[in-house]
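Colleague: Hi! Could you walk me through this model while I have it open?
Modeller: Happy to, let me bring it up.

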Amino acid sequence: MVDFQSRNRRTRDDERGESETDSESDEPTDDESESSAPDEPETTAEADESDRGPVAGVAVVTVADDRSVEDDPVGDAVIDALGPHELVTRELLGRDHDGVQGAVDALVNRGDVDGVVTVGGTGIDTRDITVEAVHPLFEKALPGFGELFRRRFYEAVGTDVIATRAAAGIADGTPVFCLPGSVEGARLGTEEIVVEQIGRLSDRIGEGP
């Protein structure tokens with residue numbers, strides 16, 4: 001939760017200062033009239049928090065063969081970009097189809113996980129198996145995520161974005177986002193889409209029409 005400092009408001013007693021003997025009139029002085037102004041609405045932080053929806057518990061999974069949890073800049077970028085959301089668990093998996101599928105399946109069934117973000121394994125190399133492993137778990141695919149991500153990421157990588165198979169869907173009632181294994185792509189996808197949508201999607205699942 002974001003704590004907001006209460007505003008310091010000047011009262012009539014404050015305006016009087018040490019003039020406790022001045023009790024002849026309750027009318028505001030010229031100085032008071034000039035200094036009084038309507039309170040500005042407290043919009044920025046509260047509005048942003050409302051746009052993001054409820055705070056979500058997030059599992060971050062890195063899919064890579066050449067790093068460890070202690071040396072995982074891409075996973076670090078996602079975690080740093082989660083904003084108000086809570087990191088529940090972090091895993092690092094090799095590029096093994098069954099291993100990735102089993103890990104994500106277990107995470108979406110955890111009561112403390114409201115959403116899963118995977119990074120890595122979304123390219124076109126033969127070892128890039130994240131999308132193939134995770135997609136069968138989706139009861140609902142979210143193609144708009146990949147479309148929006150590639151639109152945003154195009155500004156950074158140009159037409160090479162066509163080789164980025166970022167994807168998302170709902171697995172066992174839990175949103176899952178599959179981001180590329182580059183720091184730039186993982187951070188962009190998390191900051192510009194996941195942070196805003198992961199709480200909203202989790203909250204909307206199960207609602208009626």
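Colleague: To start, how many contacts beyond four places in sequence does the model have for residues 40-50?
Modeller: Eight, and pLDDT stays under 50 over that stretch. Keep in mind that this is a predicted model.

Colleague: Where else does pLDDT stay under 50?
Modeller: Over residues 1-25. For that stretch the model has 19 contacts beyond four places in sequence.

Colleague: And what is the average for the protein?
Modeller: The average pLDDT is 82, and 73% of the residues score at least 70.

Colleague: Thanks. Changing topic, what is the strand order in the sheet?
Modeller: The order is β2-β1-β3-β6-β5-β4, an open sheet of six strands with mixed pairing. At the edges are β2 (86-93) and β4 (140-141), each of which pairs on one side only.

Colleague: Let's look at β6. Is it enclosed or open to the outside?
Modeller: Strand β6 covers residues 174-179, and six of its six residues are buried, so the strand is largely enclosed by the rest of the structure.

Colleague: Which side chains point which way there?
Modeller: Thr174, Val176 and Cys178 point one way, while Pro175, Phe177 and Leu179 point the other way. Both sets are buried.

Colleague: Which way does β6 run relative to β3, parallel or antiparallel?
Modeller: Parallel: four bridges join β6 to β3, which spans residues 115-119. If you want a pair to click on, Thr118 stands opposite Cys178.

Colleague: What about β5?
Modeller: Strand β5 (residues 167-171) pairs with β6 in the antiparallel sense, over five bridges. Within that pairing, Gly169 has Val176 as its bridge partner.

Colleague: How many residues sit between β5 and β6?
Modeller: Two, and the strands form a hairpin. In the turn, Asp172 has a positive phi of about 50°.

Colleague: Moving along, is Val61 buried or exposed?
Modeller: Val61, in strand β1 (residues 57-63), has 1% relative accessibility, so it counts as buried, the cut-off being under 20%.

Colleague: Which residues does it touch?
Modeller: Leaving aside residues up to four places away in sequence, Val61 touches Glu91, Leu93, Leu107, Val116, Val117, Thr118 and Val119. As for Val104, it is 43 residues from Val61 along the chain, with 8.2 Å between their C-alpha atoms.

Colleague: I also noticed a glycine in a helix. Where is Gly199?
Modeller: Gly199 is in helix α8, residues 183-204. Its relative accessible area is 2%, and the residue is buried.

Notes. Residues are numbered from 1 along each chain as its sequence is written. This is a predicted model: local features need pLDDT of at least 70, side-chain atom pairs count only at pLDDT 80 or more; totals for chains, interfaces and linings use all residues. Side-chain values use heavy atoms; hydrogens and water are left out. pLDDT is the predictor's confidence in each residue, from 0 to 100. Contact means heavy atoms within 4.5 Å. Buried means under 20% relative accessible area, exposed over 50%, partly exposed in between (1.4 Å probe, protein chains only). Two strands pair if DSSP finds at least two bridges between them.
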